[in-house]
Amino acid sequence: MMSPGWYLRRLSRMGPREVAGRAGDVLRKRRWRKEFTTPAAATWLPRRGFAPVPALPEVPADAVKRLVETADELMAGRGEYFGVPREDLVAPDWSADPKTGRRAPEDVYTFDIAYRSEDVVGDIKQLWEPSRHQHLTVLAAAYALTGDERYATRVAEHLRSWWAANPPLHGVHWVSGIELGVRLLSWVWVRRLLDGWAGAPALFEDNPGALAQIWHHQRWLAAFRSRGSSANNHVIAETAGQLAAASAFAWFPQSVGWRAEAMRALDEHLRANTFDSGLNRELATEYHGLVLELGLAGALEARAAGVAVPESTWLVLARMCDALAAVVDAALHPPRQGDADDGHGLVVDGAGTHRWGSLLATGDVLFGRRDWWPTVEGTDVRTPLLAALADDLADDLEVTAARPAERPTHFADAGLTVLRTARGTGEIWCRCDGGPHGFLSIAAHAHADALSVEVRHDGVDVLADPGTYCYHGQPGWRSYFRSTLGHNTLELDGRDQSTSGGPFLWTRHARTTVLRVDDSRWSAEHDGYATGGKPATHRRTVTLDRGELHITDDVHGRSEHACRLSYHLGPAIEVELDGTTARLTWPGHTAELHLPAGLDWSAHRGETNPPLGWYSPGFGRREPAWTVLGSGRVRGGDTLLTLLRFDV
């Protein structure tokens with residue numbers, strides 16, 4: 001369990017309405033305890049059908065090839081979750097963590113389990129991820145596109161195994177609403193993709209065990225929806241999963257009510273979680289992708305069932321597609337901003353499919369691409385499947401007038417600016433961070449990264465955001481990857497710009513103000529160091545002039561401060577540091593980083609005590625990468641000048 005201090009800090013970030021709602025949740029959990037031994041009786045309607053995709057679409061051959069290769073690996077029992085290889089996926093133990101070797105308790109009331117503790121359950125992400133059953137949607141898609149019943153049989157084996165091992169309110173798989181929501185969405189698509197298999201009805205609508213699981217999942221989500229300061233991507237997963245299940249599995253007396261409330265809540269929370277510009281308010285790019293995938297899947301499922309989806313829902317989703325198209329680099333990769341845990345809403349593609357290209361392809365089919373969108377060369381399975389379910393959605397929408405006619409470069413509400421210039425040797429792309437410190441009062445997925453920059457050359461990370469790496473179980477690494485020191489910005493007096501109260505809790509948020517922005521120049525400041533005995537303001541100006549990026553850091557205040565200025569390099573970059581000049585090389589290219597005089601510069605790579613010089617390419621994975629660090633002292637009025645010159 002978390003410490004008493006954490007609970008006090010967490011309580012301080014809640015309003016009265018949230019406190020009252022959470023108190024009601026506590027009482028409900030106490031009432032439900034009796035159902036641990038005597039589950040509530042699930043009831044279902046006598047007539048239960050299922051509406052598949054009207055006609056299975058044609059899918060590009062290379063996308064099918066990737067899918068089948070991944071499915072065959074799964075059939076052999078092989079997979080990987082967050083950097084941990086698995087070879088036990090023929091018949092997985094749903095409560096065993098291969099990373100720590102621990103097993104989570106199964107025969108314990110779900111709300112009694114300290115699921116954040118590695119000592120109790122192991123790494124909870126290693127348990128939850130396979131139980132999202134997105135490997136089963138891959139296998140089901142392989143069946144749908146090949147007709148090979150081996151895939152369908154394995155899906156059925158896994159589902160029956162999971163349902164038997166995880167009765168309602170037992171173990172760790174009933175404790176978090178996002179897990180239940182994503183799992184329901186997977187089950188909907190498993191049923192759809194197995195529609196041509198003779199065993200599908202016996203697995204789902206004619207199976208009392210499956211019916212009870214689906215009913216209990218939806219009842220749970222109706223009772224324990226995320227609220228208040230936690231109403232972020234979790235509530236999107238909860239409402240999208242419930243909407244999809246209540247639409248596709250309309251087999252229960254409560255289905256109409258569940259569906260109506262889930263549609264209302266999904267529309268409300270999509271709008272609340274999204275800036276008018278289309279960027280996700282958590283300012284954590286991977287969660288933009290997750291929310292977009294979930295929103296599309298939930299809304300399309302409702303539409304296919306004849307539910308009236310509000311125009312506002314489609315408008316938010318279309319704007320999210322436009323925002324993604326606007327911020328990606330030449331390789332169609334978006335910023336690496338904020339937390340990232342490799343979460344997906346719906347997985348029907350094989351390994352190697354370009355996630356962001358796939359999302360843009362889906363947005364093109366559903367809403368129509370704008371003239372300024374980048375070209376997507378890759379193929380996927382998901383886009384044709386969703387397009388078949390959508391059934392000419394674009395013809396029924398009137399959202400075009402509310403979408404940008406030209407490619408945005410500055411998102412004022414989100415404080416995100418992309419400077420870019422195309423040169424003969426490749427695009428230079430620079431993201432400047434002048435936005436809010438995350439979303440809601442806890443800013444759960446924010447990093448202390450005010451005024452940080454990311455710089456890429458033709459899609460290659462040059463000045464990189466190091467990423468996230470971990471959530472639970474490794475507090476030192478969690479702190480480093482979301483610290484000010486862990487980003488390309490200025491740290492004063494050894495402090496983060498914002499104050500952490502826990503791994504998903506910030507108790508004081510730095511406020512950032514953008515002062516100037518145009519096509520080649522950006523300037524902003526933040527007040528993260530305005531409190532304490534030596535108040536100061538950090539102001540940064542970034543100018544991109546053809547092949548040169550100029551970064552000017554000004555410190556305003558009356559005191560002297562210890563400072564550290566970090567530049568984290570991407571994993572492909574090698575560095576030779578000579579005084580205040582760092583020569584950067586990567587295949588086919590060079591650059592020079594001219595660093596501010598007056599600081600002592602050093603290069604670090606793969607250090608662990610304390611952590612420095614790391615890059616996380618995905619959740620649970622880290623690799624050494626160079627960090628160039630300047631240490632010294634600055635006074636109010638001092639200026640630090642950095643110049644990055646490409647292809648010198």
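The buried residues of helix 15 (buried meaning under 20% relative accessible area, with exposed over 50% and partly exposed in between, for a 1.4 Å probe and protein chains only) are Arg-355, Trp-356, Gly-357, Ser-358, Leu-359, Leu-360, Ala-361, Thr-362, Gly-363, Leu-366 and Phe-367. Helices (H or I, at least four residues) and strands (E, at least two) are taken as DSSP runs and numbered from the N terminus. The model is a predicted one, in which local features need pLDDT of at least 70 and side-chain atom pairs count only at pLDDT 80 or more, whereas totals for chains, interfaces and linings use all residues. Residues are numbered from 1 along each chain as its sequence is written, and side-chain values use heavy atoms, with hydrogens and water left out.

Because eleven of the 13 residues of helix 15 are buried, this helix is largely enclosed by the rest of the structure. Its buried residues pack against helix 13, helix 14, helix 16 (382-390) and helix 17 (393-396), where contact means heavy atoms within 4.5 Å. The expected span of a helix is 1.5 Å times one less than its number of residues; for helix 15 (residues 355-367) this gives 18 Å, in agreement with the 18 Å between its end C-alpha atoms. Just after helix 15, Gly-368 takes a positive phi of about 90°. Helix 8 (residues 177-193) is likewise mostly covered, with 17 of its 17 residues buried, and from its first C-alpha to its last it reaches 25 Å, close to the 24 Å expected.

In soluble globular proteins, nonpolar side chains tend to be buried together. A nonpolar core is here a set of buried Ala, Val, Leu, Ile, Met, Phe, Trp, Tyr and Cys residues joined through side-chain atoms within 4.5 Å. The largest such core holds 140 residues, among which Leu-194, Phe-204, Phe-249 and Phe-367 touch the most other members. Helix 14 (residues 311-327) gives the most to this core, with eleven residues. A second, separate core of 39 residues includes Leu-565, Val-575, Ala-591 and Trp-601. When residues up to four places away in sequence are not counted, Phe-204 touches Leu-159, Trp-163, Trp-187, Val-190, Arg-191, Ala-210, Leu-211, Ile-214, Phe-249 and Trp-251.

Ala-326, found in helix 14, is buried, with a relative accessible area of 1%. Ala-326 touches Trp-372, Arg-407, Pro-408, Phe-411 and Arg-420, again without counting residues up to four places away in sequence. Although Ala-326 and Pro-408 are 82 residues apart in sequence, their C-alpha atoms are 6.0 Å apart in space. By contrast, Pro-54 and Tyr-109 are 55 residues apart in sequence and 42 Å apart in space, C-alpha to C-alpha. Pro-54 is found in the loop between helix 2 (16-32) and helix 3 (61-75) and, at 70% relative accessibility, counts as exposed.

Grid points are joined across faces, edges and corners, and a volume is the space filled by probe spheres set on the points. A search of the whole structure finds five cavities of 30 Å³ or more. The largest contains about 110 Å³ of space and is lined by 13 residues, of which Leu-279, Asn-280, Thr-285, His-288 and Gln-337 lie nearest its centre. Helix 13 (285-304) and helix 14 are the elements that give two or more residues to this lining, with helix 14 giving the most, three residues. For the classes, Ala, Val, Leu, Ile, Met, Phe, Trp, Tyr, Cys and Pro count as nonpolar, Asp, Glu, Lys and Arg as charged, and the others, Gly among them, as polar. On this basis the lining of the largest cavity has nine nonpolar, four polar and no charged residues. The second largest cavity, with a volume of about 70 Å³, has a lining of four nonpolar, six polar and two charged residues, including Asp-433, His-437, His-447 and Asp-449.

Most residues other than glycine have a negative phi, and most peptide bonds are trans. Phe-82, in the loop between strand 1 (79-81) and strand 2 (84-86), has a positive phi near 55° and, at 9% relative accessibility, counts as buried. Arg-546, in the loop between strand 13 (536-545) and strand 14 (548-557), also has a positive phi near 55°, but counts as exposed at 62% relative accessibility. A cis peptide bond, with omega about 0°, joins Asn-609 and Pro-610, the latter lying in the loop between strand 20 (607-608) and strand 21 (611-612).

Key
On a 1 Å grid over the protein atoms alone, a cavity is a set of points where a 1.4 Å probe fits but cannot get out, and a pocket is an open set with protein on both sides within 12 Å along at least five of seven lines; lining residues have an atom within 4 Å of a point.
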